[in-house]
Amino acid sequence: MRAIVITDDKRLEMREVAMPTLRADEVLIKVEAAAVNRADLMQVEGTYPPPPGCPDWPGLEVAGEIVALSPEAEKSGKWQIGARVCALLGGGGYAEYVAVEQGMVMPIPVGVSAIEAAALPEAFATAYLNLFVEGGAKAGQTFLMHAGASGLASVVIPMAKAFGLRVITTVLNEKAAQSIQHLGADVIVDTSKEDIVEVLRREAEAGRPLNLAIDCLGSAKVGECFPHVAYMCKWIMIATLAGDISPVNMRTMFMKNIRLIGSTLRSKTPAFKAEILAKLVKDIWPLVESGKVRPTIWRVMPIAEANEAHALLREGKSAGKVVMTW
């Protein structure tokens, strides 16, 4: 089969590789579409290796059709050959076929295309993990989602709104602000014109202090925001695209009982991730099927253009999910 592998000079190239061998409890999926995530870019750079046992090439989420079952998967009766599914992977999604533990597989929601479905597993699982498991989000809370034009934000923002949160998000410029109006955020902060610290200060003074943040940026702004958040605020770090280091006033942290949480989905155990996916199908798939929560597909590209797809994310040009198709 063909796969998009990482070369020695940190580029992506299509090559022939061995077909996956099904292990116990796995299913084989013929891939129709694979979404691009920033973790894939980090893997290419050598800073985010896949878990042991996963293929060396990138790809965390795919959609397609089950074409084979291991004896254990067949015996369980959960899946049948021909089922239309999407799946969360530890890696290896940039390939014509993937072998996946059956607990990492979900049915494609009714009315959703394979292209849309490929953008569901990683983004939706990350959103659910950090909003509800790590964040304990509740209706009426004020919530900050940084990088509002990202593929993850295109899921997190409408999911948070569907569960009754007041949402603040940040973007780099006016063009990006216009591109995400449809997501329904209550406050869109154009950081070329406004400082998020001052926005949070105004929100607090208006009686709406921040209860929860999902932060993929980091930088000195983290510590600068803390004086303006609510008591018991949870600030969840999932990446540090704008900088790894932030000075933090520890007195502010303990006086406000602020919870600073580091979180990655990829590092969780398969059993934990299977629980998250089961909750997605139960709690979120009805919202997807009704149209209340859908990923924003910004660009669809042939998988042979994987380098160009990665460049769109690396250069900050995307406003939603980038999906590649075979």
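Helices (H or I, at least four residues) and strands (E, at least two) are DSSP runs, numbered from the N terminus. The model is predicted: local features need pLDDT of at least 70 and side-chain atom pairs pLDDT 80 or more, whereas totals for chains, interfaces and linings use all residues. Residues are numbered from 1 along each chain as its sequence is written, and side-chain values use heavy atoms, with hydrogens and water left out.

Select Phe-124, Leu-131 and Phe-143 to begin. Within the largest nonpolar core, which has 86 residues, these three touch the most other members. Such a core is a set of buried Ala, Val, Leu, Ile, Met, Phe, Trp, Tyr and Cys residues joined through side-chain atoms within 4.5 Å; buried means under 20% relative accessible area, exposed over 50%, partly exposed in between (1.4 Å probe, protein chains only). Helix α4 (residues 121–134) gives the most to this core, with eight residues.

Next, centre on Phe-124. Leaving aside neighbours within four places in sequence, its contacts (heavy atoms within 4.5 Å) include Val-155, Met-159, Leu-280 and Trp-285. Another core, of 19 residues, lies apart from the largest one and has Leu-200 and Trp-235 among its members.

Then select strand β5 (residues 84–88), where four of the five residues are buried. Strands pair if DSSP finds at least two bridges between them. β5 runs antiparallel to β4 (residues 61–69), with five bridges, and antiparallel to β7 (residues 105–107), with three. Display Cys-86 in β5: this residue is the bridge partner of Ala-63 and stands opposite Met-106 in β7.
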